[in-house]
Amino acid sequence: MNEKLKVGILGATGMVGQRFISLLDGHPWFQVTTLAASPRSAGKTYEEAAGARWKMDTPMPEAVKKLQVMNVNEVEKVAGSVDFVFSAVDMSKDEIRAIEEAYAKTETPVVSNNSAHRWTPDVPMVVPEINPEHFDVIAFQKKRLGTSRGFIAVKPNCSIQSYAPVLTAWKEYEPYEVVATTYQAISGAGKTFKEWPEMERNIIPYIGGEEEKSEKEPLKLWGKIENGVIVNAQEPVITCQCIRVPVLNGHTAAVFVKFRKKPTKEQLVQALKDFQGIPQKLELPSAPKQFIQYLEDDNRPQVSEDVDYEKGMGVSVGRLREDMVYDFKFVGLSHNTVRGAAGGAVLCAETLKAQGYITRK
């Protein structure tokens, strides 16, 4: 136990904070030792602060029940008790940017689920199978912050996880134009059906900010570091609609793609099966062994059947076929609060540790 890195969770009482806690229970590298939340939760045990609002399918881990929740705004105090932190705070974007930088300046690495720093040019936004080389920009960020150890790294939005890895796997065929419609679960809004009964038997054709994120964030993933900042890729151009649907967990995407180099269906399926990255090569604790699975049945992927593929860390693809207007179309599915949120951040932290960015203080 003493060999594990000490981890703090900022925003520990919210849905993503809870997902961090459940995923890190028994983690071989990381031990949750510090939980921080808003001043109204500070001073309570975690069980007192979050027990009535626990939203996970699995019980609250015994190891955290009696931990006293700290005030997330007491940055020096929280940072002094941990080797690094995961951030899932519920604040305005300006407040999030300020508090995450404050933690980084205490020489505490911050691995964030929040969107506030995704467009900070020297903050890496990473899916470890896609663009781990973007962690190289941390050296430039540290110079800006004046730190030797502290930095901020983020993971991208949950909405892109069901198609950005697929398009990356097909990079050699040069996809250049994409139309995507995402059908997004209510847990992406931090809700359950008990809290949001009006979502039952309902569809809402608007999710604030999601379409912009879905169109632009993949271009940062595919960008390059130039002069100490990440410069976005120009292609593929993506246009997206994002729809809220009555599903608890799991974002589905219906996607149309044009390629400059025309592949066959067989080539595209094989590329999905062969696709892997650093997490698979290093056999990181949270890494799916098979990142993307292709399902031959016409009625797959389905949320009820496939959302927990590879413990929620994999991507499921099906219905790949030629299209009359575009070259190909497919359906993708990913778990929005595991791969798309806390699990993706945990995998980023594992990659950062494996590459020497996160160490014991």
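This is a predicted model: local features need pLDDT of at least 70, side-chain atom pairs count only at pLDDT 80 or more; totals for chains, interfaces and linings use all residues.
Let's start with helix α1, residues 15-24. Of its 10 residues, 8 are buried, so the helix is largely enclosed by the rest of the structure. Among the buried ones are M15, F20, I21 and L24. And what covers them? The list includes strands β1, β2 and β4, plus helices α2, α3 and α12.

Okay, on to the strands. β12 and β13 run parallel, joined by 4 bridges, and I292 sits opposite V315 in β13. β13 also pairs with β14, this time antiparallel, over 5 bridges. In that pairing, V317 has G332 as its bridge partner. β13 and β14 make a hairpin, with 5 residues between them.

Most peptide bonds are trans, and most residues other than glycine have a negative phi. So where do we find cis bonds here? One runs from E235 to P236, with omega near 0°, and P236 is in the loop between β9 and β10. Another joins R300 and P301, with omega about 5°; P301 lies in the loop between β12 and α11.

Then there's positive phi outside glycine. N227 has a phi near 55° and is in the loop between β8 and β9. Is N227 buried or exposed? Its relative accessibility is 81%, and the cut-off for exposed is over 50%, so N227 counts as exposed. E310 also has a positive phi, about 55°, in the loop between α11 and β13. At 26% relative accessibility, E310 counts as partly exposed.

That's my tour, thanks!

Conventions. Residues are numbered from 1 along each chain as its sequence is written. Side-chain values use heavy atoms; hydrogens and water are left out. Buried means under 20% relative accessible area, exposed over 50%, partly exposed in between (1.4 Å probe, protein chains only). Helices (H or I, at least four residues) and strands (E, at least two) are DSSP runs, numbered from the N terminus. Contact means heavy atoms within 4.5 Å. Two strands pair if DSSP finds at least two bridges between them.
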